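This report describes how parts of one protein chain are arranged. Please keep the sequence and the structure in view while reading.

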Amino acid sequence: MRADYRELDCSKKILVTGGAGFIGYHLSRRLLECGCAVMGLDNMNDYYDVRLKEDRLSKLQDFERYKFIKADLADKKKMEEVFEQYRPSIVVNLGAQAGVRYSIDNPEAYIQSNIMGFFHVLECCRHYPVEHLVFASSSSVYGMNKKVPYSVEDKVDNPVSLYAATKKSNELMAHCYSKLYGIPCTGLRFFTVYGPMGRPDMAYFKFAKKIMNDEPIQIYNNGDMKRDFTYIDDIVAGVVRMLDNPPLENEDGVRYKVYNIGNNQPEQLMDFIGTLEKCLGKEARKEYLPMQPGDVYQTYADVDELVKDFDFKPATSIEDGLGAFTEWFEEYCL
């Protein structure tokens with residue numbers, strides 16, 4: 001662990017963009033339970049059922065120290081107003097247009113949210129200085145890389161989706177702003193995050209719904225795929241450790257760093273589906289299909305830097321993680 005490591009100071013104001021989203025909800029809840037003041041910002045778009053976002057939000061609004069702001073990252077004037085009024089000490093940018101496959105048919109949404117929106121976040125952090133900007137990147141930046149496990153030292157110049165390209169662009173933009181304006185920035189490459197109150201567009205959520213409705217599930221590349229599935233509580237625990245620990249200056253004098261947050265243990269897709277079937281107590285009808293555009297064969301996180309700097313490594317098994325997900329799913333969705 002870093003010699004200068006500090007526990008989170010809960011007196012600081014934390015802005016979480018994408019605050020009604022899957023990771024945003026769980027992170028905000030953890031911070032609120034620790035006593036932090038949290039401002040959640042979200043545009044509440046209808047990429048998936050807004051009712052789930054509203055349900056997450058209603059749980060957060062039970063906390064006295066939570067403030068919700070409905071706003072779009074692409075609205076520069078509104079973003080400036082938010083920073084002017086609330087003056088956050090720490091910003092966690094989780095707001096983005098998500099989804100690899102959706103980006104194939106709806107590219108403009110990714111430019112508006114992930115490029116212009118992130119530019120506005122950076123500009124606000126420049127003009128209303130913050131102690132630390134933590135932002136979501138993605139394992140998708142590794143694209144067609146063949147070397148595994150994926151290391152933050154690897155080149156990531158071969159994206160296979162516009163979503164991946166926007167996330168790599170975010171890393172480059174953050175580095176530039178850190179160098180030019182001294183903004184301490186940490187980028188987080190998340191690896192296939194899953195768990196209760198998750199996103200309905202994710203494969204595991206779709207599988208669960210179809211299995212329970214006796215509908216066939218679509219399995220791409222004939223099931224020959226591997227994913228480094230990472231349980232939501234592990235993601236949150238890692239992020240919380242980083243918030244009050246902005247990067248130190250590197251050899252170029254830039255306070256910028258990127259980490260992988262993954263389980264460091266890729267699972268065969270068919271094993272993951274088998275575990276989900278056991279948790280649901282029902283076998284899936286299966287439809288095998290070729291690889292989809294934008295997909296990659298496997299993801300596998302090298303988390304050595306995460307362990308070295310924060311003495312932390314995700315460790316929740318898919319049995320435990322899917323058990324918790326299906327317990328929530330059966331109560332919420334059925």
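## How helix packing is described

Axes are lines fitted to C-alpha atoms, for helices over the stretch in contact, and the angles between their N-to-C directions run from 0 to 180 degrees. Two packed helices are described by the angle between their axes and by the distance between the axes. The structure discussed here is a predicted model.

## Helices α7 and α9

Helix α7 covers residues 203-212 and helix α9 covers residues 269-280; their axes come within 11 Å and cross at roughly 50 degrees. Angles under 35 degrees count as roughly parallel and those from 65 to 115 as roughly perpendicular, so α7 is oblique to α9. The crossing of α7 past α9 is right-handed.

On the α7 side, the contact is made by Tyr204, Phe207, Ala208, Ile211 and Met212. On the α9 side, Leu269, Phe272, Ile273, Leu276, Glu277 and Leu280 take part. In this contact of α7 with α9, 10 residues are nonpolar, none is polar and one is charged.

## Helices α5 and α6

Helix α5 (residues 107-127) packs against helix α6 (residues 162-181) at an angle of about 15 degrees, and the axes are 10 Å apart. Because angles under 35 degrees count as roughly parallel, α5 is described as roughly parallel to α6. Here too the crossing, of α5 past α6, is right-handed.

From α5, the residues in contact are Pro107, Tyr110, Ile111, Asn114, Ile115, Phe118, Phe119, Leu122, Glu123 and Arg126. From α6, they are Leu162, Tyr163, Thr166, Ser169, Asn170, Met173, Ala174, Tyr177 and Tyr181. The contact of α5 with α6 has 13 nonpolar residues, four polar ones and two charged ones.

Tyrosine 181 belongs to helix α6. Tyrosine 181 and lysine 77 are 104 residues apart along the chain, and their C-alpha atoms are separated by 21 Å.

## Helices α1 and α2

Helix α1 (residues 22-33) and helix α2 (residues 50-60) pack with their axes 10 Å apart, at an angle of about 5 degrees. That angle makes α1 roughly parallel to α2. In α1, Phe22, Tyr25, Ser28, Arg29 and Leu32 meet Arg56, Lys59 and Leu60 in α2. By class, the contact of α1 with α2 comprises four nonpolar residues, one polar residue and three charged residues.

Aspartate 62 lies in the loop between α2 and β3 (66-70). With 66% relative accessibility, aspartate 62 counts as exposed. The C-alpha atoms of aspartate 62 and histidine 127 are separated by 32 Å, and these residues are 65 apart along the chain.

## The nonpolar core

How many residues does the largest nonpolar core have? The number is 104, and Leu31 and Phe190 have the most contacts inside this core. Helix α8 (residues 232-243) gives the most to the core, with eight residues.

When its neighbours within four places in sequence are left aside, phenylalanine 190 is in contact with Ile23, Leu94, Ala136, Ser137, Ser138, Ser139, Ile235, Val239 and Ile261.

## Backbone features in loops

The peptide bond from valine 148 to proline 149 is cis, with omega near -5 degrees. Proline 149 is found in the loop between β5 (132-138) and α6.

Threonine 192 has a phi near 35 degrees, a positive value in a residue other than glycine. This threonine 192 lies in the loop between β6 (185-190) and β7 (193-194). Asparagine 222 also has a positive phi, near 55 degrees, and is likewise a residue other than glycine. The loop between β8 (217-220) and β9 (226-227) holds asparagine 222. Its relative accessible area is 52%, so asparagine 222 is exposed.

## Lysine 308 in helix α10

Where is lysine 308 placed? Lysine 308 is in helix α10 (residues 304-310). Lysine 308 has a relative accessible area of 48% and is partly exposed.

Apart from its neighbours within four places in sequence, lysine 308 is in contact with Met1 and Arg2. Lysine 308 and arginine 285 are 23 residues apart along the chain, and their C-alpha atoms are separated by 43 Å.

Conventions. Residues numbered from 1 in each chain as written. Predicted model: local features only at pLDDT ≥ 70, side-chain atom pairs only at ≥ 80, totals over all residues. Heavy atoms only, no water. Helix = DSSP H or I, 4+ residues; strand = E, 2+ residues; numbered from the N terminus. Parallel < 35°, antiparallel > 145°, perpendicular 65-115°, else oblique. Left-handed = near helix turned anticlockwise from the far one by under 90°. Contact = heavy atoms within 4.5 Å. Nonpolar A, V, L, I, M, F, W, Y, C, P; charged D, E, K, R; others polar. Core = buried A, V, L, I, M, F, W, Y, C linked by side-chain atoms within 4.5 Å. Buried < 20%, exposed > 50% of the residue type's maximum accessible area, 1.4 Å probe, protein only.
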